[in-house]
Amino acid sequence: MSRAFVFPGQGAQTIGMGKALADVYPAAKAVFDEVDDALGEKLSQLIWEGEQDTLTLTQNAQPALMATSLAAMRALEAEGVTIDAASFVAGHSLGEYSALAAAGAISIADTARLLRTRGVAMQEAVPVGVGAMAALLGLDFDTVREVAAEAAEQDVCQAANDNDPGQVVVSGHKAAVERAVELAKARGAKRAMLLPVSAPFHCELMAPAAKVMAEALDDVDINAPKVTLVANVIARSADDPATIRSLLVSQVTGSVRWRESVEQMVADGVSEFWEIGAGKALSGMIRRINRDSATRTVGTPDEVKAAAEAAQG
């Protein structure tokens, strides 16, 4: 059985995530300590005891979700399951950084600092209220691209996240995104609604953030991942460090091609996906993309132990 480890993106964050892992596994606790040290603040205290609104701020949610995913990965390793148990790694948007850290391509400390920079840059790229994102349910990706192009008029409106066969997210100027919602309903969308996000991610409006990330990534060592990465913006494998660096910059403004990424891994023989870290959103998407794929969430001590037993059994 070929297996992929996949890592969640923004939206999965909850207060208390990873605390049980840190309590049970010293190696998991060490991840949170390393992230705290890298950022020069007690992010772990916010994750475990803070306010949800503060955790949800992009600059906090991104490194927090990575820390939780890597803590789960270290807990798996403590139970005897290493990254080599997977044939591929992939992550949804910021989860791609978690995937790369798990595969040894970027250190945890560098990943934490990159995600803090990424979160701040993405938030600052567009003034609050200027941009928006909306989920369009029940339309395929090509139809949504047509809707976005029609809605754009003189503004920016792009298909930002191709999550699964019936869920595509658009991003851009608020007025254009609102037009896309109405156009999608007219095209027969089951639902079309604005999302409670603070910025229009994964569209051309994020160009200033892409420039910031290009400079930040230039200062970071990137190694070839121990397990092949399936990258968001190309929906296929990437192993070369220079290519990965470039793709992480493109990812800021480019579409998250999650549906195609999963389809590519299935075509390459993956039959089981482990969602490493907080939540279970990716597992739901994966089952909608390919009904034959098995999924498993790995975010609590009990789930870690069950996964280890499954891997070794």
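Modeller: Let's begin with pairing: two strands pair if DSSP finds at least two bridges between them. Keep in mind that this is a predicted model.

Biologist: Then what makes strand S9 (residues 270-276) and strand S10 (residues 294-298) a pair?

Modeller: At least two bridges are needed, and S9 and S10 have five, in the parallel sense. Within that pairing, Glu-275 stands opposite Thr-297 in S10. S9, helix H13 (residues 281-289) and S10 also make a β-α-β unit, a right-handed one.

Biologist: Which sheet do they belong to, and what is the order of its strands?

Modeller: An open sheet of six strands with mixed pairing, ordered S8-S7-S2-S1-S9-S10. Strand S8 (236-238) and S10 are the edges, each pairing on one side only. On average, neighbouring strands are turned by 30° against each other, ignoring direction. Helix H5 (residues 58-78) packs on this sheet, where it touches S1, S9 and S10, and its direction makes about 115° with that of S9.

Biologist: On to the aromatics. How many aromatic pairs turn up in the whole structure?

Modeller: Two.

Biologist: Why is the pair of Phe-5 and Trp-274 called stacked?

Modeller: Ring centres must lie within 6.5 Å to pair, and planes under 30 degrees apart count as stacked. For Phe-5 and Trp-274 the centres are 5.3 Å apart and the planes are at 20°, so the pair is stacked. Phe-5 lies in strand S1 and Trp-274 in strand S9, so the pair ties together parts 269 residues apart in sequence. Both Phe-5 and Trp-274 are buried.

Biologist: And why is the pair of Phe-32 and Trp-48 edge-to-face?

Modeller: That label needs planes over 60 degrees apart. The planes of Phe-32 and Trp-48 are at 65°, with ring centres 4.8 Å apart, so this pair is edge-to-face. Phe-32 sits in helix H2 (residues 26-39) and Trp-48 in helix H3 (residues 43-49), 16 residues apart.

Biologist: What makes Phe-32 and Trp-48 count as buried?

Modeller: Buried means under 20% relative accessible area. Phe-32 has 1%, so it counts as buried. Trp-48 has 15%, so that one counts as buried too.

Biologist: Why is Ser-2 called buried?

Modeller: Its relative accessible area is 16%, and the cut-off is under 20%. Ser-2 is in strand S1 (residues 2-7). Its side chain makes a polar contact of 3.0 Å with that of Ser-87. Ser-2 also touches residues including Gly-269, Val-270 and Glu-272.

Biologist: Last one: why is helix H6 (residues 95-102) described as largely enclosed?

Modeller: Because eight of its eight residues are buried. Among them are Glu-96, Tyr-97 and Leu-100. H6 is followed by Gly-104, with a positive phi near 80°.

How values were computed: Residues are numbered from 1 along each chain as its sequence is written. This is a predicted model: local features need pLDDT of at least 70, side-chain atom pairs count only at pLDDT 80 or more; totals for chains, interfaces and linings use all residues. Side-chain values use heavy atoms; hydrogens and water are left out. Buried means under 20% relative accessible area, exposed over 50%, partly exposed in between (1.4 Å probe, protein chains only). Helices (H or I, at least four residues) and strands (E, at least two) are DSSP runs, numbered from the N terminus. A polar contact is a pair of N or O atoms within 3.5 Å; within protein, one must be able to donate a hydrogen and the other to accept it, and residues adjacent in sequence count only if both atoms are side-chain atoms. Contact means heavy atoms within 4.5 Å. A crossover is right-handed if, with the strands pointing away from the viewer, the path from the first strand over the helix to the second runs clockwise. Axes are lines fitted to C-alpha atoms, for helices over the stretch in contact, and angles run from 0 to 180 degrees between N-to-C directions. Rings of Phe, Tyr and Trp (its six-membered ring) pair if their centres lie within 6.5 Å; planes under 30 degrees apart count as stacked, over 60 as edge-to-face and the rest as tilted. Lists of a residue's contacts leave out its neighbours within four places in sequence.
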